[in-house]
Amino acid sequence: MFTNSQRQEERTGKYGTPRVQYLQELVTQFQNASAEETKEKIVANLANFAYDPFNFTFLRQLNVIELFLDCLTEPSERLVEFGIGGICNACADPANAAVVTQNDGIPLVIQCLSSPVRNTVNYSLGALYYLCNASNKEEILKPEVIDAIKSYAAAGGVSTSFSNLAQAFLDKHVPHLN
């Protein structure tokens, strides 16, 4: 799961592709792809790399976080789902969260709260949990956003994952509600 340089070298082998090169190849494939299904598979693959701190520098270097943000504006629900999944995975790191914020990604992440796709909503809740801080809390903690998150927190019977994640957000970022 979590990798370091030595472990990565052991897993890749003497003739394997270095991680940054492999990620660059995925980005290039995405940019050259025309089929929606191909793009979806590539973004899902990139999102899976976004959880490992070993990859964080590479993701920033290759503008993968910006690619995830671009996916949030696509009509394909699957591209949105995988894009917000990548953002959720990556933004546990403050430097990656800053990339999302600096590229005006907060409104896009908030928009995902109203998706009909359960994973998209869950990833959005997780991303907002990590994104919300003193410098952007006014942008995130708007009444309509808090209301949406409160509704997910109250929906324990419908979805425990929504409820628990939404409640964790409220406990951390809106403590006066408790």
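This is a predicted model: local features need pLDDT of at least 70, side-chain atom pairs count only at pLDDT 80 or more; totals for chains, interfaces and linings use all residues.
Colleague: Is Cys91 buried or exposed?

Modeller: Its relative accessible area is 2%. Buried means under 20%, so Cys91 counts as buried.

Colleague: Which residues is Cys91 in contact with, leaving aside its neighbours within four places in sequence?

Modeller: Cys91 is in contact with Asn96, Ala97, Ala127, Tyr130 and Leu131. There is also Leu128 to look at: Cys91 and Leu128 are 37 residues apart in sequence, and their C-alpha atoms are 9.0 Å apart in space.

Colleague: Let's zoom out. How many helices and strands does the chain have?

Modeller: The chain has 12 helices and zero strands. Read along the sequence, the pattern is α-α-α-α-α-α-α-α-α-α-α-α.

Colleague: And what share of the residues is buried?

Modeller: Buried residues make up 46% of the 178 in the chain.

Colleague: What about contacts across the sequence: how many join residues at least 24 apart?

Modeller: That is 65%, counted among contacts between residues at least 6 apart in sequence.

Colleague: Now some helix pairs. At what angle do helix 2 and helix 3 cross?

Modeller: Helix 2 covers residues 19-32 and helix 3 covers residues 36-49; their axes cross at roughly 150° and come within 9 Å. That makes the two helices roughly antiparallel. The crossing of helix 2 and helix 3 is left-handed.

Colleague: Which residues make the contact?

Modeller: From helix 2 you have Arg19, Tyr22, Leu23, Leu26, Val27, Gln29 and Phe30, and from helix 3 there are Lys39, Ile42, Val43, Asn45, Leu46 and Phe49. By type, the residues in the contact of helix 2 with helix 3 are nine nonpolar, two polar and two charged.

Colleague: How are helix 9 and helix 12 placed, parallel or antiparallel?

Modeller: Helix 9 (residues 118-131) and helix 12 (residues 160-173) have axes that come within 10 Å and cross at roughly 20°. Helix 9 and helix 12 are therefore roughly parallel to each other. Helix 9 passes helix 12 in a left-handed crossing. On the helix 9 side, residues including Val121, Leu125, Leu128 and Tyr129 take part, and on the helix 12 side Phe162, Leu165 and Phe169 are among them. The residues of that contact divide into nine nonpolar, four polar and two charged.

Colleague: One more pair: what is the angle between helix 5 and helix 7?

Modeller: Their axes cross at roughly 45° and come within 10 Å. Helix 5 and helix 7 are therefore oblique to each other. Here the crossing is right-handed. Ile65, Glu66 and Leu69 of helix 5 meet Asn96, Val99 and Val100 of helix 7. That contact has four nonpolar residues, one polar and one charged. Notice Asn96 again, which is also in contact with Cys91.

Colleague: Changing topic to the backbone: what is the phi of Asn63?

Modeller: Asn63 has a positive phi of about 60°, although it is not a glycine. Most residues other than glycine have a negative phi. Asn63 is in the loop between helix 4 (56-61) and helix 5 (64-71). With a relative accessible area of 43%, Asn63 is partly exposed.

Colleague: And which phi does Asp104 have?

Modeller: Asp104 has a positive phi too, about 55°, and it is not a glycine either. You will find Asp104 in the loop between helix 7 (94-102) and helix 8 (106-111). Asp104 counts as exposed, at 59% relative accessibility.

Colleague: Last one: where does Arg78 lie?

Modeller: Arg78 is in helix 6, which covers residues 77-90. At 44% relative accessibility, Arg78 counts as partly exposed. From C-alpha to C-alpha, Arg78 is 8.9 Å from Glu37, and those two are 41 residues apart in sequence.

Notes
Residues are numbered from 1 along each chain as its sequence is written. Side-chain values use heavy atoms; hydrogens and water are left out. Axes are lines fitted to C-alpha atoms, for helices over the stretch in contact, and angles run from 0 to 180 degrees between N-to-C directions. Helices (H or I, at least four residues) and strands (E, at least two) are DSSP runs, numbered from the N terminus. Angles under 35 degrees count as roughly parallel, over 145 as roughly antiparallel, 65 to 115 as roughly perpendicular and the rest as oblique. A crossing is left-handed if the near helix is turned anticlockwise from the far one by less than a right angle, and right-handed if clockwise. Contact means heavy atoms within 4.5 Å. Ala, Val, Leu, Ile, Met, Phe, Trp, Tyr, Cys and Pro count as nonpolar, Asp, Glu, Lys and Arg as charged, and the others, Gly among them, as polar. Buried means under 20% relative accessible area, exposed over 50%, partly exposed in between (1.4 Å probe, protein chains only).
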